[in-house]
Amino acid sequence: MKKSRVEKSFNPRLEALKKSWYKFSRNPLSLLGLSVIMVIFFLAIFATVLAPYPEDSGLSVNFTRTFQSPSRQHLAGTDEYGRDIFSRMLVGLRYSLAIGLLVLILAVPFGILLGLLAGYYKETWLETIVMRFTELFMSIPPLILAMVICTMFTNSYFFSSVGIAVAWWPWYTRLTYNLVISVSNELYVLYAKLSGINVLKIIFKEILPNIYPSILTKMSLDMGSIIIIASSMNFVGLGIQPPTPSLGAMVSNSISYLPEYWWLTVFPALLVILIVLGFNLLGDGLNDIMSVEGK
Amino acid sequence: MRLAYLLVLKRLIHILVVLLVLSFVIFAFIRLIPGDPVRISLGPMVSEETVQKMRSELYFDRPLVIQYAHWLKGIVTKGDFGLSLYTHRPVSADIAEYLPKSLELALYSGIMILVMGVLLGTISAIFKNTWLDNLVRFISYLGVVTPPYAFGVFFMLLFGYILKWFPIGGMPKIDPAMTRTGMLGLDALLAGDFALYGQILKYMFLPALSLSLNSIAYQARIHRSSMIENINADYIQFAEVAGVKRIRLIMKHMMKPSFIPTFTIYGLQVGALLGNAFIIEVIFRYAGFSQYSLNVIMNKDPYGIVAITFIFGIVFAIVNMLIDLGVSKLDPRISLEV
């Protein structure tokens with residue numbers, strides 16, 4: 001009984017995780033990033049509950065309270081229809097995070113899969129085809145590619161995510177490809193190959209678990225970039241359609257009201273900065289743990 | 001030197017192949033779009049006959065491969081990118097009008113990125129772990145996480161509306177007789193009108209700054225870390241012991257090797273400038289290529305979309321090629337892969 005507890009208490013993966021968490025928690029900036037992200041997700045999930053005027057996230061008009069400056073009733077003021085900016089920001093935040101996650105869900109598995117194949121079958125026709133195909137998608141700026149794809153289909157929230165994902169997966173393919181090449185000469189991979197294990201098992205059980213930390217770091221940093229791209233697309237009217245609030249569109253629609261009604265642009269823009277800041281701090285924190293472990 | 005020519009040649013062929021495949025894919029995609037682009041462009045009031053005529057003029061009634069071949073032939077023989085269904089002009093005329101304006105904006109941004117990024121990175125590295133370093137690092141962190149449109153809006157509010165130092169958007173009128181290159185500033189210079197040039201620079205400052213700040217911040221971070229790597233190198237310590245003056249030490253021995261990573265990143269940043277500019281051009285009402293691209297994309301203008309992706313691809317590829325050549329000049333150990 002006692003012996004089994006000792007055995008149970010030594011779990012190498014758990015120990016490694018504890019060690020990483022210790023290193024992570026020693027850096028106040030990383031912790032700040034993590035808390036910002038947690039608060040943001042909390043706000044996004046309970047947006048409609050927390051919003052003081054949830055009905056303002058849609059098409060509601062209240063001409064008795066248009067263009068009110070920030071006050072206790074309206075923390076971030078009201079817009080030209082008398083809608084509460086703070087409530088709209090919370091709901092916009094929810095959509096921003098949803099798009100970021102959706103893009104990663106669409107782009108990352110596809111990118112990783114191609115990268116694993118191209119890296120494992122190095123110096124074969126498969127590598128050539130996959131890497132040339134990847135290059136093709138990397139040869140024009142991601143924002144332009146995403147916009148072209150979004151307009152080709154229906155201009156909606158879902159297809160703007162698809163557009164960004166199509167522009168985004170090549171970076172994961174390239175990263176995974178480089179990582180696979182760097183570990184494929186490691187002894188454990190060679191032994192696995194020599195012992196005749198199924199290829200799929202080598203790729204998913206031996207290679208993938210050893211490279212995923214770097215991919216995870218990139219995902220955290222990319223959440224920020226994707227949210228910037230998505231809000232830039234909202235800015236010009238691609239993606240989420242009004243009256244549903246999106247942070248980018250909230251900024252662009254109210255530029256014409258500068259400088260008198262500054263709160264209409266400044267607060268949504270600050271929220272975008274806060275989101276991206278959180279994900280970047282978190283990503284840098286994760287990156288620090290990895291690079292220490294690597295050495 | 002011979003190697004460099006070979007590299008350029010091989011890269012150019014490679015770019016060409018990539019662009020050909022890319023444009024074909026986009027053409028194919030456009031044919032898949034539901035709805036008839038010609039009908040959308042001409043509106044519902046126009047008779048079916050006219051639409052049919054236009055369709056056949058633009059080769060929309062022919063198979064995809066033939067339409068593509070016709071389009072390609074137009075480019076190779078006449079530099080003709082087809083007819084824009086959005087502006088109802090040849091796409092090449094639109095490009096000639098708008099592209100120089102965006103290139104000029106990108107040029108000023110590119111200069112700002114290099115000068116300010118390197119300057120901030122160097123200051124930060126030399127005064128490592130002092131308050132100055134921390135300040136620069138804090139600012140560059142904020143710079144990296146702030147989207148360009150937020151910079152645009154904040155600067156417009158602060159410098160345009162509150163302090164009134166800079167105009168809030170648009171561009172000064174330029175005499176059509178002066179137009180030679182299409183770049184407003186350069187045209188003013190060529191005409192010898194320095195007052196106008198100064199005015200144009202004033203209009204360009206806020207858009208160029210908003211466009212470049214992300215990259216400046218990123219560049220400063222990269223340059224700082226590569227400088228710090230070099231400060232600890234053996235050859236620097238040796239030079240210091242040998243009595244090389246500090247200014248010379250920093251400017252020559254530390255700067256030159258530090259430029260290699262800086263330059264590589266710089267290429268990526270500058271290559272992306274044109275693509276990122278559209279939102280800045282919208283905010284500051286600057287009628288450039290990026291804003292034109294945006295309109296073309298939003299209006300599903302088939303020939304326009306193919307042309308702009310083509311142009312973006314070419315600019316991106318040429319910038320990257322130049323950077324690779326520059327890096328190999330800086331460090332002879334990095335051999336050019338031919």
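Okay, let's start with a crossing: in chain B, helix 5 passes helix 9 in a right-handed way. Right-handed here means the near helix is turned clockwise from the far one by less than a right angle, and left-handed means anticlockwise. Helices are DSSP runs of H or I with at least four residues, strands are runs of E with at least two, and both are numbered from the N terminus.

Before I go on, this is a predicted model: local features need pLDDT of at least 70, side-chain atom pairs count only at pLDDT 80 or more, and totals for chains, interfaces and linings use all residues. Residues are numbered from 1 along each chain as its sequence is written, while chains are lettered from A and ligands numbered from 1 in the order in which they are written.

Back to that pair. Helix 5 (residues 91-126) and helix 9 (residues 194-231) of chain B pack at an angle of about 35°, with axes 6 Å apart. By class, their contact has 18 nonpolar, nine polar and one charged residues. Nonpolar is Ala, Val, Leu, Ile, Met, Phe, Trp, Tyr, Cys and Pro, charged is Asp, Glu, Lys and Arg, and the others, Gly among them, are polar.

Staying in chain B, take B:Met183, in the loop between helix 7 (148-162) and helix 8 (184-190). Buried or exposed? B:Met183 is buried, because 20 other C-beta atoms lie within 10 Å. The cut-offs are 20 or more for buried, 12 or fewer for exposed, and partly exposed in between, with C-beta atoms placed from the backbone. Beyond four places in sequence, B:Met183 touches B:Pro100, B:Lys101, B:Leu103 and B:Glu104, where contact means C-beta atoms within 7 Å. B:Ser102 is 81 residues away from B:Met183 in sequence, yet their C-alpha atoms are 8.3 Å apart.

Now chain A. We get 12 helices and zero strands. Of its 295 residues, 43% count as buried, and the C-alpha atoms fill a box of roughly 75 × 55 × 30 Å along the principal axes. Among chain A contacts with a separation of 6 or more, 69% join residues 24 or more positions apart.

Last, where the chains meet. The contact takes 29 residues from chain A and 33 from chain B. On the chain A side, helix 6 (125-138), helix 7 (142-152), helix 10 (199-235) and helix 12 (263-294) each supply at least two residues. Helix 12 gives the largest share, seven residues. That side of chain A divides into 21 nonpolar, seven polar and one charged.

Note on methods
Two residues are in contact if their C-beta atoms, placed from the backbone, lie within 7 Å. Axes are lines fitted to C-alpha atoms, for helices over the stretch in contact, and angles run from 0 to 180 degrees between N-to-C directions.
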